[in-house]
Amino acid sequence: MNDKVVFDGLFLGVGAMKAGTTWLYALLERHPDLFFTFEKEIHYFYHCNMDFSILSEKRRLENARDKYAIINPDANRAIGVRNRLRWVANYLDSPIDDLWYRNLFLFRQEQPYCCDFSNLYALLDERAWQHVLSTSARLRVLYTLRDPLKRLWSHVKFHLQVTGQIHLLDEWGPDEFKRFARRPFIWDNAEYGQAIRRMRAVLPAEVLKVAFFEDIHADPRAFLRSIEGFLGIRQFDYPQAVIDRRVNESVTRPMPDYFGDLFAIDTRRIVDEVRAEGLNPPATWSVNQSG
């Protein structure tokens, strides 16, 4: 990195599943102490430490075309369009380095934290987390986990849905599901113990908070208060309609009876690894792994 950039406050949302970070983003973006860019999942730290293609020029151009360069004179105001296009200009700039990343937050005002949510950050190695830590004088990282078996089934469904292959849910048998779910882009996000160990090897204890998806939805307002306490920001009254909203849900399909048995050994290992880190997964995780 050619340019040394240090944020006075950076908050990263790291999810084992997209739905968790998307739901949280929809709520926290309303908080007056938190600043989000137009792009929820920037993936910057994954790009420059793990996979240089994730923020390729082609992908950024596609995002700009599909999300940000659309103008509707009947619905948009000039000032909003102008700010969005100015942000897009920074997003399309190069090189992709720490200065590029900082410039995505130029419209921040007095908010204590710049925020960046990405499920891919769960895959960062220790070197990448050192980079993250070096960019902020006050860093906070939230890592949300879901029952590993349910997450796996949800991820398989969601991927087949968005790629136009949803019919395979009705056509595949155990062997096809097992091979597909073991592909790295599906499976790697389930390795919670590995991710926690990589984070804890670098991040001070006060920087990292691990939360469980099931606990979040059991009492969402209590969870939101815990996040505000974790960040040291004021309490905010979130709209109930947004709390109740479900986002990025995949098509409804019951998990096949045999699905849990395909991954029983690994799901038990994953739960044991989480417990070994001093965490207490919801009791339903143990029920679900019996499969």
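**Close-up views of a predicted model**

**View 1. Helix α4, residues 78-91, and its length.** Val81, Arg84, Trp87, Val88, Asn90 and Tyr91 are the buried residues of α4, and they pack against two other helices, α3 (57-68) and α5 (98-103). An α-helix has 3.6 residues a turn, so residues three or four places apart point the same way.

**View 2. The largest nonpolar core, with 68 residues.** Within this core, the residues that touch the most other members are Leu12, Tyr44, Tyr101, Trp129 and Tyr143, while helix α7 (residues 148-162) makes the greatest contribution to the core, giving five residues. Apart from this core lies another one, of 24 residues, which includes Leu27, Cys115, Ile233 and Val242.

**View 3. The surroundings of Trp129.** When residues up to four places away in sequence are not counted, Trp129 touches Leu12, Val14, Tyr121, Leu124 and Val141, and also Arg198, Met199, Val202 and Leu203.

**View 4. Glu273 in helix α16.** Glu273 has its place in helix α16, which runs over residues 264-276, and it counts as buried because its relative accessibility is 16%, where buried means under 20%. The side chain of Glu273 is joined to that of Arg197 by a polar contact of 3.5 Å. If neighbours within four places in sequence are left aside, Glu273 is in contact with Arg197 and also with Glu191, Gly193 and Gln194.

Key: Residues numbered from 1 in each chain as written. Predicted model: local features only at pLDDT ≥ 70, side-chain atom pairs only at ≥ 80, totals over all residues. Heavy atoms only, no water. Helix = DSSP H or I, 4+ residues; strand = E, 2+ residues; numbered from the N terminus. Buried < 20%, exposed > 50% of the residue type's maximum accessible area, 1.4 Å probe, protein only. Polar contact = N/O pair within 3.5 Å; in protein donor to acceptor, adjacent residues only side chain to side chain. Contact = heavy atoms within 4.5 Å. Expected span 1.5 Å × (residues − 1). Core = buried A, V, L, I, M, F, W, Y, C linked by side-chain atoms within 4.5 Å.
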